[in-house]
Amino acid sequence: AGRARDLALVLFTAPRPGESAPRMARITNGRWAFSALGAAATCTLTPDDTVYAALPLHHAAGILVAVGSAIVSGARLALAEEPLARRLDANVEDFWSELRRYGASVVFYAGEMCRPLVLAPHDPADAASPVRLFAGSGMRPAVWNALRERFGVGVLEFYASTESSAVLANASGRKVGSVGRPLPGSVAMALVTPDVAARAFPRDADGRMWRARANEPGVLLLRDDERHPGHGGGPARDDVLRDVFSEGDRWFVSADVLVRDEEGDHRFLGRLDQVAHGSDGAPVWPREIEEALETDGRVALAQVFVRDEGPAAVVALAPQARLDPAMLAAALAPLRREAWPRAIALVPASAVELTDGYRPRRAALRERLETMLAARQAWVLAGDGYARATDVDLTASPR
């Protein structure tokens, strides 16, 4: 018994870069119910389904979405005996064996959990599983396409804010890479145009912020009101802005950058503090570089880092794969030349470890990148393509 605004549970998540303490999120009854009911509805769960919870239950998607959606829909709930190994080169045979044993029809994922599935060797039984849908957040287009083509399953990508009842869902699955549109009942959202260099939000002569136009990157703001109190919104918080669009309104700053197309569908670009700058000084969103590199099937995973000299990338190679500079240039060709990473370090897929939320451990990859750059073991941008650092006079190369 209780009200929607009453506290249901408290989730603790790993600190973000530059933070020392875990982040705390207050989950109200309303927030829990919205996640559970929204996931059940968009995944069209019925009592005939079996939901497979592969994520740890201390993960927001594990407890709010996987467990919650099974409870409210009356579906069966299958808990993984062991989580999928948090490595890109993980053995996935036990994962598929367990899915088949339970008759799992819907699998909830997070981050890169599904990438080891598409990197694993092909098996004649790939398309013979009970799974009809993978649903979650953080799946990249290359993995999305591979899942659909290889395993014959649907993909439903969400965007959800832990701090608030803000959920976007690509319910149709039509646009690969899109997180779709707000679910009914979601907190009001807005995209505002930031000053990327200053990481601030300009205001007009009346003191109001500018809404981002279609196809223009914007920082996601979430309405802070009595119906959606999950993130607090006290006057001392610096992540709550006031008088944004009208006198007295309050909006929570997510710091996530999204872009909305003409049809109202959204795509996630990254966080405001992760933006890089190309050689022309214009903003570069690391995710766009990563997704371009991953269009080459020999790339297991790409991660881009912001450096003073410009963006640099770590590219993990699929097993037995080889890449040369021409292949990298071909993958990056859709991007403007000024946005290409200044340096690229190649590592084996086995070098990439994942967190318990199945995100790459970026600190370890960043350290490896810097070590390889210092030892001149990376490729650097030179002329119209890439060359080994040992073959380039870096003192004569701009930036």
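Buried means under 20% relative accessible area, partly exposed lies in between, and exposed means over 50% (1.4 Å probe, protein chains only). This is a predicted model: local features need pLDDT of at least 70, side-chain atom pairs count only at pLDDT 80 or more, and totals for chains, interfaces and linings use all residues. Residues are numbered from 1 along each chain as its sequence is written, and side-chain values use heavy atoms, with hydrogens and water left out.

**View A. Serine 178 sits in a loop between strands S8 and S9.** Serine 178 is buried, at 6% relative accessible area. A polar atom of its side chain lies 2.9 Å from the backbone nitrogen of glycine 180. Beyond neighbours within four places in sequence, serine 178 is in contact (heavy atoms within 4.5 Å) with Trp144, Glu157, Asn170, Asp265 and His266.

**View B. The largest nonpolar core has 72 residues.** A nonpolar core is a set of buried Ala, Val, Leu, Ile, Met, Phe, Trp, Tyr and Cys residues joined through side-chain atoms within 4.5 Å. Phe95, Trp96, Leu117, Phe134 and Leu147 have the most contacts inside this core. A second, separate core has 25 residues, including Leu11 and Val65.

**View C. Strands S3 and S4 run parallel.** S3 spans residues 50-53 and S4 spans residues 76-79. They are joined by 4 bridges (strands pair if DSSP finds at least two). Valine 51 has leucine 77 as its bridge partner in S4.

Definitions and conventions:
Polar contact = N/O pair within 3.5 Å; in protein donor to acceptor, adjacent residues only side chain to side chain.
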